[in-house]
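The following note is intended for a colleague who is meeting this structure for the first time. Please read the points in order, with the structure open alongside.

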Amino acid sequence: MFNGGGNMAGMMKKVQKMQNEMKKMQDELKRKTVEVSSGGGAVKIVMDGEKQVQSLVIAPAAVDPEDIEMLQDLISAAFNEATKKVDEMMAQEMGKLTSGLGLPPGLL
């Protein structure tokens, strides 16, 4: 009655291959970085694929002791944009990997 044994073995091989490719891609993405700035370049952040800040550069002109709130806002904006770009980079690469599977978006 059940005659799909060969198909199941083939599917399992495909799944295993995809898992290996996904692991390799995740390792590569961890090493990639994104760079963003806010305030017209007053604050620059470089973040890696693990969302770790690799560098933070603050232009001297952005440091105003009378307006610390502005500097805090610029750093927050740059950090938030960097994390958003890392998420987009991850989603784009995952989409490339899973596009041939015919799965609905967001399933993996």
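1. Helices (H or I, at least four residues) and strands (E, at least two) are DSSP runs, numbered from the N terminus. The model is predicted, so local features need pLDDT of at least 70 and side-chain atom pairs count only at pLDDT 80 or more, while totals for chains, interfaces and linings use all residues. Residues are numbered from 1 along each chain as its sequence is written, and side-chain values use heavy atoms, with hydrogens and water left out.

2. Overall arrangement. The protein contains two helices and three strands, which follow the pattern α-β-β-β-α along the sequence. Contact here means heavy atoms within 4.5 Å. Of the contacts between residues at least 6 apart in sequence, 49% join residues at least 24 apart.

3. The annotated span. An unreviewed UniProt entry lists residues 8-35 as "coiled-coil region"; such annotations may be inferred rather than shown by experiment, and the positions are given in the numbering used here, with feature names shortened. In the model, residues 8-35 are 86% helix and 11% strand, and their end C-alpha atoms lie 44 Å apart.

4. Accessible areas come from the Shrake-Rupley method with a 1.4 Å probe, and for residues only the protein chains shown count as cover. The protein exposes about 7900 Å², of which carbon and sulfur atoms supply 54%. Buried means under 20% relative accessible area, exposed over 50%, and partly exposed in between (1.4 Å probe, protein chains only). Buried residues account for 24% of the 108 residues.

5. Helix 2. The expected span of a helix is 1.5 Å times one less than its number of residues. For the 31 residues of helix 2 this gives 45 Å, and the end C-alpha atoms are 45 Å apart, which agrees. Among the buried residues of helix 2 are Leu-71, Leu-74, Ala-78, Ala-82 and Val-86. Thr-83 also lies in helix 2 (residues 68-98) and counts as buried because its relative accessibility is 16%. Leaving aside neighbours within four places in sequence, Thr-83 is in contact with Met-47 and Lys-51.

6. Salt bridges. A salt bridge is a side-chain nitrogen of Lys or Arg within 4 Å of a carboxyl oxygen of Asp or Glu. The whole structure holds four salt bridges. One of them joins Lys-17 and Glu-21 (3.9 Å, N to O); both residues lie in helix 1 (residues 5-31), four residues apart, about one turn of the helix. Lys-17 is exposed at 54% relative accessible area, whereas Glu-21 is partly exposed at 36%.

7. Links to the loop between strands 2 and 3. Glu-50 and Lys-30 form a salt bridge (4.0 Å, N to O). Glu-50 lies in the loop between strand 2 (43-48) and strand 3 and Lys-30 in helix 1, so the pair ties together parts that are 20 residues apart in sequence. Lys-51 and Asp-87 form another salt bridge (2.6 Å, N to O). Lys-51 lies in that loop and Asp-87 in helix 2, so this pair ties together parts that are 36 residues apart in sequence.

8. Nonpolar patch. Patches are made of residues with over 30% relative accessible area and no salt bridge, with like charges joined within 9 Å and nonpolar side chains (Val, Leu, Ile, Met, Phe, Trp, Tyr) within 5 Å. Val-53, Leu-56, Ile-58, Val-63 and Phe-79 make a nonpolar surface patch of about 380 Å². Strand 3 (residues 53-58) supplies the largest share, three residues. Leu-56, found in strand 3, is partly exposed, with a relative accessible area of 43%.
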